[in-house]
Amino acid sequence: MPVPEIVLVLWLALHFPCLPLEALPLRQSPSAVVARGRIVVCDTAARAGGVAAGQKLSTALGLLPALRVFEREPAREAAALDELACWAGNFTPTVSLQPPDGLLLEIGGCLRLFGGVAVIVDKALAGCAEQGWTPSWAVAPTPLGAWWLALAGGGVLASDLPALDSLLAGLDCRVPPWPAEVAVRLESYGLRRLGEVMQQPAAGLRQRIGNTPIDELLRARGEVPDPQRLFIFPERFSSLLELPSRVEHAEGLAFAGQRLIVALGGWLQARQLLASACTLHLGHDDGTQSALVLRFGEPCRDEARFLRLLREHLGRLQLAAPVESLRLTADETLVSGGGSESLFAEATAGEGAAACVERLRARLGEAAVQVLAPVAEYRPECATRWQTPDFQRNSGFTAAAGRPADERPPAAPPRPLWLLPSPQPLGEHADGPHWHGPLQLLTRGERIESGWWDGGEFCAETPATGDIRREYFIARNLQGQQAWIFRDATGWFLHGLFA
């Protein structure tokens, strides 16, 4: 009996220490976020001027009078964290929020998919940088252990519990977010590192500092279970982004739109969905709203493809007024079907017809790119229709008036490649119909009687069609040209030409 593969449990912790500042749409350097009169976080320029977290606002302004101060906005931070959680769906569906400024991603089950821990970490950090976030990170077998390591500065990987124990032992007792009096009391006992705390009898410590720190230490070390409350990806994707400044040219929206697109891609990946249409809502500075619809040639969740299509639309968009905010919504989605990988290596595929068509429509206009699709109809004039390219269907047939979509005429005899806009009358002599000379009939007559139910209304391009009673033949003239002709009560007509 084969030994089942053991899936390693690993958690990637992402701590965003500057989230209160980076979540703000309007900020200039040097800047800081304050709450209750104290500095919560500040940027690099402010730190260079002597400003630090925990300072009184008056002290910070005394050190750096040019400091720009912003009040903390917890609601904006929570929305940003939710957006980051949706983006994290690109790596794993098992995401947990660590309020107010962190995420936990269970990546053990995704290692083979991405090719190892290092690849996942590199992709996650690159994605954060593209969106303007500066996280610290750590990987460990327990969620709380990974989180504490990330809080301490991160950049470390503990692949198993012994390695995690060694890293945790070196952490300062102030790293875990325990009450301040706990750290003070531990220091009074001469315990400054978690490793020193681990060596003490747990029963005595519980009496001196309480149960919570000891229980958390056990969970961080993996000695007791630590179940996490998972992030529930929303049923419908809708993400708002306020721009740091007004944008007057449409091309300038592409960078901000990319941040929304990567969140959409993660949401689609986590929920195993494909998008066939989404809308970018533009909020203008005069209070008006406009919408830019992105419709894809086929359902997909390729972020690069989304961004290419967005750039095509923005390249021909004229803004009615400067834009202050963007909101991206997924309007049409469907469940992604399972797929199989090829057994052997294959050459990289090209862009594909669907992606090419959707970009042409974005560049030339919706009505500029159409395809000819068959219709379940016997009358030749009504048997095809121009329609928007649709790669999502299994068939190009549409329902004719009064017919269900799946009711199709039986297989017909050969049809000409070219159908004339309207039948042309043919001359008739004693030896039969003539077209560039006498015509030789090559087939027996095909009787077509149809259209009595709509009076020609269904054939919008040829409204005079109506009820027809015709007998069609394939014929050939002396030059070898093959024609599709018919005879009705009024005479002979040429209707199409074979290639």
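I'll start with Gln55, which is in the loop between helix H2 (44–48) and helix H3 (57–63). Helices here are DSSP runs of H or I with at least four residues, strands are E runs of at least two, and both are numbered from the N terminus. This is a predicted model, where local features need pLDDT of at least 70, side-chain atom pairs count only at pLDDT 80 or more, and totals for chains, interfaces and linings use all residues. Residues are numbered from 1 along each chain as its sequence is written, and side-chain values use heavy atoms, with hydrogens and water left out.

Is Gln55 buried or exposed? Gln55 counts as buried, because its relative accessibility is 18%; buried means under 20% relative accessible area, exposed over 50%, and partly exposed in between, with a 1.4 Å probe and protein chains only. A polar atom of the Gln55 side chain lies 3.2 Å from the backbone nitrogen of Ala52. Leaving out residues up to four places away in sequence, Gln55 touches Gly37, Arg38, Ile39, Gly50, Ala60 and Leu63, where contact means heavy atoms within 4.5 Å.

Now the rings. A pair of aromatic rings is described by the distance of the centres and the angle of the planes. Rings of Phe, Tyr and Trp (its six-membered ring) pair if their centres lie within 6.5 Å; planes under 30 degrees apart count as stacked, over 60 as edge-to-face and the rest as tilted. The whole structure holds 11 aromatic pairs. In one of them, Phe237 and Trp267, the centres are 5.8 Å apart and the planes are at 45 degrees, so the pair is tilted. It links distant parts of the chain, 30 residues apart: Phe237 is in the loop between helix H12 (211–221) and strand E9 (238–247), and Trp267 is in helix H13 (residues 254–271). Both Phe237 and Trp267 are buried.

Next, Phe486 and Phe493: the ring centres are 5.2 Å apart with planes at 15 degrees, so this pair is stacked. Phe486 counts as buried at 2% relative accessibility, and Phe493 is buried at 16%. Ring pairs join Tyr472, Trp484, Phe486 and Phe493 into a cluster. What sits over the ring of Phe486? The charged end of Arg470 does, 4.4 Å from the ring centre; the criterion is NZ of Lys or CZ of Arg within 6 Å of the centre and within 35 degrees of the ring normal.

Last, the whole chain. The protein chain has 15 helices and 22 strands, and 44% of its 499 residues count as buried.

Notes. A polar contact is a pair of N or O atoms within 3.5 Å; within protein, one must be able to donate a hydrogen and the other to accept it, and residues adjacent in sequence count only if both atoms are side-chain atoms.
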